[in-house]
Amino acid sequence: MVEGPSAKASHVRGARVGRALAVEGVKGLLFPFLVLEWSVSSEVPSDLIIQINNTAYLLHKFPLLSRCGHLQLLISEAIGTDEPIKILDFPGGIDAFELCAKFCYGITITLSAHNIVAVRCAAEYLQMTEEIENGNLIYKLEVFFSSCVLKGWKDSIIALQSTKALPQLSEELKITSRCVDSIAYRVLLHPSKLSWSRSCSVRGSRDECQSNGNQTNSRWWWGEDISELCVDHYLRVMLAIKSGNRVPANLIGEALHRYALRWLPILSKKKNVKDSTTTENVVSGHKMILESIVTLLPTERNSVSCSFLLKLLKASSIIGASCSTKLELARRVGMQLEEARAEDLLIPSLCYSVETLYDVEIVQRILEEFMVQWNSPPTSPQREKNFSFACERRRSRSTEDVELRMETSRRSSSASHCSKLKVAKIIDRYLQEISRDPNLSIAKVIELAEKIPDFARPDHDDLYWMIDIFLKAHPGLSKSERKQLCRLLDCKKLSMEACVHAAQNEKLPLRVVVQVLFFEQVKAGISGNQVHDLPSDIKALLSSATSTQRTEDQNSKLSNLGGPADDAWSISLQLPKSDKTTASAATTLRMRLAEAENDCEEVRQYSNGVKNSKLRAMWSVPSGPKKMFSKLWSSNRSITEKERL
């Protein structure tokens with residue numbers, strides 16, 4: 001409550017008379033629009049008419065001119081005319097002017113966080129300063145604003161929201177900056193020291209304001225409240241909070257997540273497609289909000305979830321955010337790609353120059369960012385041990401400190417390897433999803449698949465199913481293109497289910513089918529303990545593979561650092577026991593055996609690319625392919641007959 005000066009006008013009351021086409025009692029002056037007449041009951045007739053927008057006020061010069069410097073100037077300029085003083089675009093509108101006029105007449109006015117900004121801007125416009133008269137309205141408003149509004153949490157938020165109607169004046173009077181500083185200061189305070197509302201001017205009773213103090217039990221109680229701010233104010237508040245360096249990064253991330261869900265409805269839609277009824281202004285506003293959120297993301301890893309980052313990336317693609325925003329989101333997603341899901345990576349491609357359904361280039365960029373994070377090779381135990389002992393001699397460190405560093409290095413290396421395995425699985429499943437797109441080129445698929453290192457794929461089942469899906473969705477591929485795609489596949493790493501399916505897959509090149517059946521035969525001999533019945537070439541192949549597997553298993557147990565080596569024989573291939581499946585695979589081999597001689601040369605070339613000498617021996621094909629395949633066919637037929645008996 002603010003009271004004006006005690007004078008003869010203390011009994012004066014303001015009243016709205018109603019709508020009229022003319023202001024009565026003013027020499028019959030007519031207005032060509034509807035106006036509201038606001039008069040003051042007094043023994044003295046009014047001698048001043050002020051028009052604010054469409055409202056005319058019948059007032060007195062003495063109480064207003066004694067406190068308003070700007071009205072003194074306007075009246076001096078209007079001497080000799082009978083027209084009312086017109087003030088268009090008055091700061092705060094008619095409500096703010098009425099409060100200022102009531103103060104001049106000594107009428108008690110009620111102030112709150114909802115109207116303090118409008119009244120303060122109106123008083124500044126009317127120049128109700130101390131130079132005009134001591135104890136003027138501006139002084140009393142400043143006292144109320146500093147001692148009541150800025151001392152309360154919710155009052156500060158409400159006052160900051162009200163500055164949106166008068167942004168320029170609020171900035172000049174430093175109302176906005178003081179509200180921002182007050183909010184940030186209270187976020188950095190301990191919740192027990194927080195005052196929710198000094199003036200209790202928030203909508204609701206005093207008891208309701210006090211009961212809301214229970215929100216302090218939440219660590220990020222403030223995130224929900226400030227999520228109602230517009231993006232400009234929210235950006236300034238969050239920057240002030242982050243500059244304090246007291247709020248953990250994960251709480252900053254939670255607040256940003258809450259704000260994004262509040263103002264970006266596209267994040268919660270199941271179908272992330274731009275609505276045709278969405279106006280350009282709405283899209284522009286969403287773009288500004290998204291880009292502001294990206295600039296506020298904490299630099300710490302895992303401060304926000306990977307799912308949230310991918311939602312932002314998908315939204316940025318839909319609403320057309322800037323390229324720098326997309327690249328920054330791709331970098332952040334790459335830092336924690338192992339947490340993603342394959343379906344979250346399905347980012348729609350809305351570029352008119354690209355006909356594919358999904359943006360494959362951005363996923364390639366994400367994968368590259370991930371590989372940059374984990375490209376440093378793990379330190380071996382012996383090397384780390386030597387380095388630790390050297391540091392111990394130089395710095396006189398204890399043995400416990402060295403062991404701790406070794407254990408930390410082992411855990412870090414193991415975590416890095418597990419992340420790569422997870423990412424390889426995610427990318428392979430992502431490739432399965434996008435392979436259904438008939439417009440997807442084979443070059444993009446191969447390029448993305450080859451970015452995964454060999455050791456990160458202990459099995460090639462997901463890769464095989466991707467190839468199968470792609471071949472079905474692209475029936476027009478040439479023979480050379482199908483062969484190029486299938487070179488990604490390592491038949492030795494296929495499971496039994498994938499082998500059975502591949503042996504009967506008519507879309508695969510013959511080379512792949514022959515390789516699958518070949519290693520299936522070898523594994524069938526192993527499982528049946530019939531090594532002595534196999535040809536000499538296969539015996540040598542089997543012996544080499546067994547010794548290689550045993551050596552690599554021992555090394556894997558001793559190192560306990562990275563993952564397993566690129567072991568081609570780590571997946572057990574067994575001959576299917578079903579008569580129908582075996583007969584079908586045998587029939588497939590008989591039908592394509594005539595083409596084996598031409599494709600065996602490709603198998604030899606493929607084996608030359610294997611760096612490991614033992615693996616090269618495994619992949620080597622005998623000089624007489626038809627003779628060897630005949631032996632394999634005979635062995636297959638004998639096994640089939642035994643099973644039938």
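Which residue forms a salt bridge with E171? I looked it up: the partner is R236, and the closest N and O atoms are 2.5 Å apart. A salt bridge here is a side-chain nitrogen of Lys or Arg within 4 Å of a carboxyl oxygen of Asp or Glu. E171 lies in helix α7 (residues 167-172) and R236 in helix α11 (residues 231-243), so the pair ties together parts 65 residues apart in sequence. Helices are DSSP runs of H or I, at least four residues, numbered from the N terminus.

A note on the source. The model is predicted: local features need pLDDT of at least 70, side-chain atom pairs count only at pLDDT 80 or more, and totals for chains, interfaces and linings use all residues. Residues are numbered from 1 along each chain as its sequence is written, and side-chain values use heavy atoms, with hydrogens and water left out.

E171 has 38% relative accessibility, so it counts as partly exposed. R236, at 31%, also counts as partly exposed. Buried means under 20% relative accessible area, exposed over 50%, and partly exposed in between (1.4 Å probe, protein chains only).

I then turned to E142. E142 forms a salt bridge with R120, the closest N and O atoms being 2.7 Å apart. E142 sits in helix α5 (residues 137-149) and R120 in helix α4 (residues 116-126), 22 residues apart. R120 counts as buried, at 9% relative accessibility.

One more pair: E343 forms a salt bridge with R341, with the closest N and O atoms 3.6 Å apart. Salt bridges that share partners join R120, E124, E142 and R178 into one network. I noted the count: 20 salt bridges.

Terms used:
Helices (H or I, at least four residues) and strands (E, at least two) are DSSP runs, numbered from the N terminus.
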